[in-house]
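Work through the exercises below with the sequence and the three-dimensional structure at hand. Try each task yourself before you read its solution.

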Amino acid sequence: MRYYDFLNPSVNFMGPGCVKVLGERCKLLNMHKPLIVTDEFLAKLENGPVAQSVASLEAAGLEYVIFTGAEPNPKVQNCYDGLALYKEHNCDSIITVGGGSAHDCGKGVGIAATHEKHLTEYAGIEKLENPLPPLIAVNTTAGTASEVTRHAVLTNLDTKLKFVIVSWRNVPLVSFNDPMMMLGIPAGLTAATGMDALTHAVETYVSVDANPVTDAVAMQAIKLCANNLRQAVANGQDVKARENMAYASLLAGMAFNNGNLGYVHAMAHQLGGQYDLPHGVANAMLLPVVEEYNIISNPQRFADIAEFMGEKIEGLSVMDAAQKAIDAMRRLATDIGIPTSLKEMGVKEEDFDLMATNALLDGNAGSNPRKGTKQDIINLFKKAY
Ligand SMILES: [Fe+2]
């Protein structure tokens, strides 16, 4: 017997044009001078996500300060740089504008603003002692879903390790998923982030912490990815495909925020920390390999996934139907141009030992449905090599 909790922002704005109400929502939350945490590229984009967010703040008569130092795989130092600006301008709240890097960096700024110890000291589960400043997340990629989650994934450059601060206090108060902000994303990034969303949904659906609520959102996310990711990659201006991928990402985020992930993420985090490999690409390359290994833990769950992904499974044994899910994942990744081997991404075999050790220590490893040894993880890295 066990019980579950379900965390999510209290308000989630979705659909084309929703960012227009950002300023009004800030006022409702008594946010007077937010620090906008974003990156250089988005900040410079004409009529881009930052410009649109700022327009809404100005229409509501709000002051703001822009911090453009959220790097990919955000570093601890990025958070402290943001904090310095936050303090210098007496900001009272945070708005993150971007994908996972901006949201995670903004959460790091928020944690640093209300906690004494170094950020690395809060790695792990529920170590935060105080609330963060009010935080709104404006999401611009359909993938990481950090705009709804309790995770802040940061990189410690001293150890080259990614670490995760997991706490209910990290969940943004409000999330925005406006697909009109996603139209300009290049095909490669659309593919990588979309595969990240699919990985969230699949890993949660087979996780040992899955429950009927996370099953419902994971199932819908898998269907939306299978039916819309190719189209969004093929034509970034396809608003319907973008909107459906934004929903897929949001639903997958609601799933893994509560039902947890598995070895794909545990292993992908090592590739991100060690080689700065894009998170979505690392996941996409590992997903079929890890899930094929996981099948025997619960074949029926994988047969379900095959069906969600549109595979014909009638008349097949459960094991054959389960295998169809793996085929569907491989086909999707190939169709959208995901690289197929870790070798071509510059990964080195001699690092597998250390990465396998660290993957088993990663917070996501515990909810993987099949319990592996270090040698199993090394073998999985080899299979993806
Ligand atoms: Fe992810």
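**Exercise 1.** At what angle do the axes of H7 and helix H8 (residues 239-259) cross, and within what distance do they come?

*Solution.* Before starting, note that this is a predicted model, in which local features need pLDDT of at least 70 and side-chain atom pairs count only at pLDDT 80 or more, while totals for chains, interfaces and linings use all residues. Residues are numbered from 1 along each chain as its sequence is written. Helices (H or I, at least four residues) and strands (E, at least two) are DSSP runs, numbered from the N terminus. Axes are lines fitted to C-alpha atoms, for helices over the stretch in contact, and angles run from 0 to 180 degrees between N-to-C directions.

Step 1: the axes of H7 and H8 cross at roughly 150° and come within 8 Å. Step 2: that angle makes H7 roughly antiparallel to H8, since angles under 35 degrees count as roughly parallel, over 145 as roughly antiparallel, 65 to 115 as roughly perpendicular and the rest as oblique. Step 3: H7 passes H8 in a left-handed crossing, a term used if the near helix is turned anticlockwise from the far one by less than a right angle, with right-handed used if clockwise. Step 4: the residues that meet include Ala 218, Ala 221 and Leu 224 in H7 and Ala 248, Leu 251 and Gly 259 in H8, where two residues are in contact if their C-beta atoms, placed from the backbone, lie within 7 Å. Step 5: this contact has 15 nonpolar, seven polar and one charged residues, with Ala, Val, Leu, Ile, Met, Phe, Trp, Tyr, Cys and Pro counted as nonpolar, Asp, Glu, Lys and Arg as charged, and the others, Gly among them, as polar.

**Exercise 2.** Describe how helix H6 (residues 187-205) packs on helix H7 (residues 212-234).

*Solution.* Step 1: the two axes come within 9 Å and cross at roughly 160°. Step 2: H6 is therefore roughly antiparallel to H7. Step 3: H6 passes H7 in a left-handed crossing. Step 4: among the residues that make the contact are Ala 187, Gly 194 and Tyr 205 of H6, together with Asp 215, Cys 225 and Val 233 of H7. Step 5: sorted by class, the residues of this contact are 15 nonpolar, four polar and one charged.

**Exercise 3.** Is Gly 259 buried or exposed, and which residues is it in contact with?

*Solution.* Step 1: Gly 259 belongs to helix H8. Step 2: Gly 259 counts as buried because it has 26 C-beta neighbours inside 10 Å; a residue is buried if 20 or more other C-beta atoms lie within 10 Å of its own, exposed if 12 or fewer, and partly exposed in between, with C-beta atoms placed from the backbone. Step 3: leaving aside neighbours within four places in sequence, Gly 259 is in contact with Thr 204, Ser 207, Asp 209, Ala 210, Asn 211, Thr 214 and Ala 218.

**Exercise 4.** Into which domains is the chain divided, and how far apart do their C-alpha centres lie?

*Solution.* Step 1: the chain is divided into domain 1 (11-181) and domain 2 (187-383), with bounds that come from an automatic or database domain assignment. Step 2: the C-alpha centres of domain 1 and domain 2 lie 26 Å apart. Step 3: their contact takes 24 residues from domain 1 and 28 residues from domain 2. Step 4: on the side of domain 1 that touches domain 2, strand S1 (11-14) and strand S8 (161-166) each supply at least two residues, and S8 gives the most, with four residues. Step 5: that side of domain 1 has 10 nonpolar, 11 polar and three charged residues.
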